[in-house]
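Open your viewer and get ready to click along. We will look at ring pairs and then walk along a helix.

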Amino acid sequence: MDTTLIRDLTRGSVSRQLIHFSFPFLLANLLQLVYSLVDMVFVGQVVGSTGLAAVSVGSQLTMLFATLGMGFAAGGQIYISQQVGRGEREELRPTIGTLFTSLTLMALLITVVGCAFCRPLLQLLNTPAEAMDQAADYLFVCSLGMFFIFGYNSLCAVLRGMGDSRHPLLFVFIATVLNVVLDYLFVVVMGLEAKGAALATVAGQACSFLFAVVLLYQNRANFAFDFRLSSFAIHPERARALVKLSLPIALQQNAITISMLYVNAQINALGLVAVAVAGIGQKIQHVVGVITGAMQAAAATMVGQNMGAGKLNRVKNIVFICWAVCLAAAAVCSAAFLLFPRQIFACFDRNPEVLACAPGFLSIVCVMVFSFALMAPTNGLINGIGFTTLNLGIALLDGVIFRIGLSMLFGRYLEWGVNGYYLGNALAGYISVFLGSLYFFSGRWERRRLLQGAEGASSGEPEALNGAWEHKA
């Protein structure tokens, strides 16, 4: 198998490979965090709390749309990583083509929905009247850019499934640099407010996506995909396999996202200050998410390849090392949050009312980030072995029952305001921690059957899932 873009993660030191392979994920996540923070900083400093609230609410719906594509891309990454682990290079082309075309069609559908119903959707979130026009502009522009967001995620999923985490880092670097420059131009120089931030975001994503397409086309001989029109055909058996894998992931992510939207809608009804506080806090918590997300994504690919190769002891080591790194990151960041809350918030908004809320809100963010650290390794394991329906079930408990229930308890019934709603949001994540850890230590994951999409590969007749995701007898 050509290893120019395809990397074997089933040999060598587990800790060294996990850290080395996750590092580009981490840098890419960090750049994406900068990407989103820049919008908040420019708009918050130039436009004030109204613009900050508009970007905060508009980005909540944008993320809801984007997570659909990210969920299906994650399923494609798992499928491809297992094919690579089994050495099935010839099986990659129909899988990649099916993934690309399916995500393109999904992006076009979401674009239509987002553009046509931006104001009704924002009204459902109790968007403050002062921020409605800017929020609508932000959401409309971002909806137009869904093709590029989905396209970028699909390309990166394929590369990461093959073991290449360096090129996705390059792509997001390009997008981030362009976004910073255009944010200054559109928001500060031209005064386009929230719309300018959205235009900068979409332009950065579009440039990154096009750069990725050109680079991969030039290296198509090593990419296992030739970019011929016929190669973009949707293969029914691959589509079924991808849906079985991806739909639970997408539903899992959206169950949590929708529950957070519900919580945010309650916060939005409290006014501009509450929206600004929650928006800043949610961005800050992603500092830890940069690390835990990178470790989870790297672990999922490494677990997929090692399960495909039947190396179970390496899988255990991946989870334990991932835990150690994530918990260390959560501890360091939490210390900074507790020591410098007002200084951190002041980077976004100098409104005295907003700054007064910083210490209490960031203490709750600390509770949240430790749940990130504890759940990331087991989420990576569960996704890597393909048991995505388990993560879906956990997410439904997390999002629908605990997140909404606890948030309403603390925020509405105990009348703790924005801090109460967010405390419930933070505590809900620990149900995922408990159930994911229970599954890992039970050892049942060792008896999982992996995708058999290429069971007939030797005869050139790839099949769909052959009793896929059933436990071995």
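Across the whole structure, a search finds 21 aromatic pairs. Rings of Phe, Tyr and Trp (its six-membered ring) pair if their centres lie within 6.5 Å; planes under 30 degrees apart count as stacked, over 60 as edge-to-face and the rest as tilted. Select Trp323 and Phe440: their ring centres are 5.7 Å apart and their planes stand at 75°, so this pair is edge-to-face. The two residues are 117 apart in the chain, with Trp323 in helix 12 (residues 312-339) and Phe440 in helix 17 (residues 417-442).

Before moving on, a word on the model. It is a predicted one, where local features need pLDDT of at least 70 and side-chain atom pairs count only at pLDDT 80 or more, while totals for chains, interfaces and linings use all residues. Residues are numbered from 1 along each chain as its sequence is written, and side-chain values use heavy atoms, leaving out hydrogens and water.

Are Trp323 and Phe440 buried or exposed? Trp323 is buried at 11% relative accessibility, and Phe440 is buried at 5%. Buried means under 20% relative accessible area, exposed over 50%, partly exposed in between (1.4 Å probe, protein chains only).

Next, select Phe100, Tyr217, Phe225, Phe227 and Phe232, which ring pairs link into a cluster.

Now colour helix 2 (residues 49-85). Helices here are DSSP runs (H or I, at least four residues), numbered from the N terminus.

Conventions
The expected span of a helix is 1.5 Å times one less than its number of residues.
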